[in-house]
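Here is a short report on one protein model.

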Amino acid sequence: MVKDMDFKAYHNSQEGAYRRPFGAVKCGETISLGLRIIAPVPVQGCFLHLAEEEGERTVPMLPGSESPAADSAGELVYAAQFQAAGNPGLVWYYFEIVTD
């Protein structure tokens, strides 16, 4: 049986490895987000959910691309890129991790 504390996810918007560029961006600019996952069970997928004034959207995250390298057993790194909206505003986001 897997305990909840065995599963960890890490994202720090203040670190360049997890968010580029840092701070406010121009409309239409590409933003990259990363998520480090330590999972004792298989990860089937990872998704970035965005909430903006225009509505909500989901971006699939890919393992490994432009993210910190995995450095321990059971550790996975996922990354996603998206375009900032065409109008100035805030973007809220959260991650969804899919396991068995």
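## Aromatic pairs

How many aromatic pairs does the rule give? The count comes to two. Rings of Phe, Tyr and Trp (its six-membered ring) pair if their centres lie within 6.5 Å; planes under 30 degrees apart count as stacked, over 60 as edge-to-face and the rest as tilted. Tyr10 and Tyr18 make an edge-to-face pair, with centres 5.1 Å apart and 80 degrees between the planes. In the pair of Tyr93 and Phe95, the centres are 5.9 Å apart and the planes stand at 75 degrees, so this pair is edge-to-face.

Tyr18 is buried at 4%, whereas Tyr10 is partly exposed at 35%. Tyr93 is partly exposed at 29%. Phe95 is partly exposed at 22%.

## Basis of the model

This is a predicted model: local features need pLDDT of at least 70, side-chain atom pairs count only at pLDDT 80 or more, and totals for chains, interfaces and linings use all residues. Residues are numbered from 1 along each chain as its sequence is written, and side-chain values use heavy atoms, with hydrogens and water left out.

## Salt bridge and cysteines

One salt bridge is counted (a side-chain nitrogen of Lys or Arg within 4 Å of a carboxyl oxygen of Asp or Glu). Its partners are Glu52 and Arg57, at 2.8 Å from N to O. Glu52 is buried, at 13% relative accessible area. Arg57 is partly exposed, at 30%.

The whole structure holds zero disulfides (pairs of cysteine sulfur atoms within 2.5 Å). Cys46 is buried, with a relative accessible area of 2%. Cys27 is partly exposed, at 41%.

## Fold and surface

The protein has zero helices and eight strands. Both are DSSP runs, numbered from the N terminus: helices are H or I with at least four residues, strands are E with at least two. Strand S5 spans residues 55-60 and includes Pro60. Leaving out residues up to four places away in sequence, Pro60 touches Cys46, Phe47 and Ala80. Contact means heavy atoms within 4.5 Å. Pro60 and Ala80 are 20 residues apart in sequence, and their C-alpha atoms are 6.8 Å apart.

Of contacts with a separation of 6 or more, 67% join residues 24 or more positions apart. Of the 100 residues, 29% count as buried. The protein exposes about 6400 Å², with 56% supplied by carbon and sulfur atoms. Accessible areas come from the Shrake-Rupley method with a 1.4 Å probe; for residues, only the protein chains shown count as cover.

Notes: Buried means under 20% relative accessible area, exposed over 50%, partly exposed in between (1.4 Å probe, protein chains only).
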